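Take a look at the model below. Follow the chain from start to end before you read on.

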Amino acid sequence: RGGAGGLGEWPESMKRAHHAAVGLWAFSSTISAGRANLDMVGCLIAAFFATLGGSTIRDLVLGRRVFWVRDGSYLATLGAVSVATFLVWPVLEEIGVKQIWFELPDAIGLAFYSVYGSQLALSDAVERELHLSPLVGVLMGLVTSCFGSIMGDLVCGIPVRMLKEGHTLYAVPALLASAGYTGWRVLAPDSADDIGAGLVAR
């Protein structure tokens with residue numbers, strides 16, 4: 001789950017949206033880890049990779065300081081949500097909470113990170129006066145939103161859902177979201193940041 005110059009320069013509403021996305025993904029990834037029979041520590045590790053792995057790869061590729069190293073509050077959000085989910089999840093399953101309520105946070109986090117990854121990559125390039133291909137912007141959105149889930153599934157010892165037959169729609173919406181934002185940025189750069197901020201703040 002940085003703006004043009006880094007997280008410290010983002011509006012407070014966008015920081016809250018980022019924390020919410022981290023929490024949502026920590027929730028869904030902890031449930032996946034719990035179903036794979038991991039203990040609390042295992043669930044924390046799986047949640048870390050699934051939630052922050054893609055963003056970490058993105059920051060390293062772009063030559064940025066990894067965002068959760070700059071601001072440890074994201075680790076606190078992830079840890080708190082993961083532990084709480086580990087403790088409450090058995091109760092939720094026992095009372096028969098529908099599967100959609102477990103999958104919805106994953107979908108919301110996916111949408112957020114797809115746009116966020118593309119926006120960060122392209123805005124950072126502008127600030128540093130670098131030429132960045134729009135294709136790189138699309139790829140960074142896909143990396144941010146999907147690569148963490150791949151790592152999380154590997155930690156859980158389960159087949160990578162994104163690569164399984166019948167799960168292709170897991171990656172397609174992420175690709176469409178990042179491509180849509182990147183395309184808008186190419187066509188209307190003056191309004192792209194406002195649109196990106198609006199998408200991730202919802």
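## Overall fold

Read along its sequence, the protein chain runs α-α-α-α-α-α-α-α. That pattern comes from eight helices and zero strands. Keep in mind that this is a predicted model.

The protein chain has 202 residues, and 45% of them count as buried.

## Cysteines without a bond

How many disulfides does a search of the whole structure find? The search finds zero. C43 shows why: the closest cysteine sulfur, in C156, lies 7.2 Å from the sulfur of C43, too far for a bond. A disulfide needs the two sulfur atoms within 2.5 Å.

Is C43 buried or exposed? C43 counts as buried, because its relative accessibility is 0%. C146 also counts as buried, again at 0% relative accessibility. The cut-off for buried is under 20%.

## Helix 2 and helix 4

Now find helix 2, residues 40-61, and helix 4, residues 73-94. Their axes come within 10 Å. They cross at roughly 135 degrees. The two helices are therefore oblique to each other. The crossing is right-handed.

Which residues meet here? On the helix 2 side they include C43, the cysteine discussed above, along with M40, L44 and F48. On the helix 4 side they include L75, L78, V83 and F86. G79 and S82 of helix 4 also take part.

## Helix 2 and helix 6

Helix 2 has another partner, helix 6, which covers residues 134-156. Here the axes come within 7 Å and cross at roughly 145 degrees. Helix 2 passes helix 6 in a right-handed crossing.

## F67 and helix 3

Where does F67 sit? F67 is in helix 3, which spans residues 67-70. F67 is buried, because its relative accessible area is 0%.

From C-alpha to C-alpha, F67 and S55 are 8.0 Å apart in space. Along the sequence, 12 residues separate the pair.

Note on methods:
Residues are numbered from 1 along each chain as its sequence is written. This is a predicted model: local features need pLDDT of at least 70, side-chain atom pairs count only at pLDDT 80 or more; totals for chains, interfaces and linings use all residues. Side-chain values use heavy atoms; hydrogens and water are left out. Helices (H or I, at least four residues) and strands (E, at least two) are DSSP runs, numbered from the N terminus. Buried means under 20% relative accessible area, exposed over 50%, partly exposed in between (1.4 Å probe, protein chains only). Axes are lines fitted to C-alpha atoms, for helices over the stretch in contact, and angles run from 0 to 180 degrees between N-to-C directions. Angles under 35 degrees count as roughly parallel, over 145 as roughly antiparallel, 65 to 115 as roughly perpendicular and the rest as oblique. A crossing is left-handed if the near helix is turned anticlockwise from the far one by less than a right angle, and right-handed if clockwise. Contact means heavy atoms within 4.5 Å.
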